[in-house]
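This report describes selected local features of a single model. The sequence and structure are shown first.

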Amino acid sequence: MNAESIMSKDLITINNDVPIIDAYRLMKEKDIRHLPVVDHNQRIIGILSDRDVQKAMVAKKLDEYYCETPTDNKVSSFMNSPVYMVNEKTDLKAVAKIMIREKISSLIVENDEHDITGIVTTTDMLAYILQTLEKMDHNPNWTQWTMSYYLNSHKK
């Protein structure tokens, strides 16, 4: 299995100079937790997660409360950069290792021509794991011992 097999293909992006409240509305409307951030040339320059938006909202409330100079409310002020990308053909084991090592919850997926083709999120990975576990439930040769042995033999 590779990144292409589990990625979300309908990639929704947001421009870097859009107000953060618009990113919040878009995420709510589309029921998504990650927004790749693009510049005026439509190149991905960052990624915004729902947690980044929550932090932005807290910062705005603190500014209002303390009457300090307001923080910049543009997406670019709250996005994460650099953006981690993988090729469509990248094995899911490698995808998982990158996400764990970098402590990130999404990876942008590109093809061999470096065109963006989708996004892999922790939700996509968990859905794949759940599907795999459900298949194991129906396989009489896959015992609890086998699972325990496999997990122990594949530790770092």
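In this predicted model, Leu-126 is exposed, because its relative accessible area of 56% lies over the 50% cut-off. The residue belongs to helix H5, which covers residues 122-137. Together with Ile-129 and Leu-133, Leu-126 makes a nonpolar surface patch of about 260 Å².

Thr-90 provides a contrasting case. With a relative accessibility of 19%, Thr-90 counts as buried, since the limit for that class is under 20%. Its position is in the loop that links strand E4 (85-87) to helix H4 (92-102). From there, the Thr-90 side chain reaches the backbone oxygen of Asn-87 at 2.9 Å. When neighbours within four places in sequence are set aside, the contacts of Thr-90 are Met-1, Asn-2, Ala-3 and Val-95.

The two accessibility values are set out below.

| Residue | Relative accessibility | Class |
|---|---|---|
| Leu-126 | 56% | exposed |
| Thr-90 | 19% | buried |

The model also contains an open sheet of three strands, in the order E1-E2-E3 and with mixed pairing. Strand E1 (14-15) and strand E3 (44-49) form the edges, each pairing on one side only. Strands of a sheet pair through backbone hydrogen bonds, in either a parallel or an antiparallel manner. Strand E2 (residues 34-38) and E3 run antiparallel and are joined by five bridges. Within this part of the sheet, His-34 has Ser-49 of E3 as its bridge partner.

Key. Residues numbered from 1 in each chain as written. Predicted model: local features only at pLDDT ≥ 70, side-chain atom pairs only at ≥ 80, totals over all residues. Heavy atoms only, no water. Helix = DSSP H or I, 4+ residues; strand = E, 2+ residues; numbered from the N terminus. Buried < 20%, exposed > 50% of the residue type's maximum accessible area, 1.4 Å probe, protein only. Polar contact = N/O pair within 3.5 Å; in protein donor to acceptor, adjacent residues only side chain to side chain. Contact = heavy atoms within 4.5 Å. Pairing = 2+ DSSP bridges. Patch = residues over 30% accessible without salt bridge, like charges linked within 9 Å, V, L, I, M, F, W, Y side chains within 5 Å. Areas by Shrake-Rupley, 256 points an atom, 1.4 Å probe, with all protein chains shown as cover. Salt bridge = Lys/Arg side-chain N within 4 Å of Asp/Glu carboxyl O.
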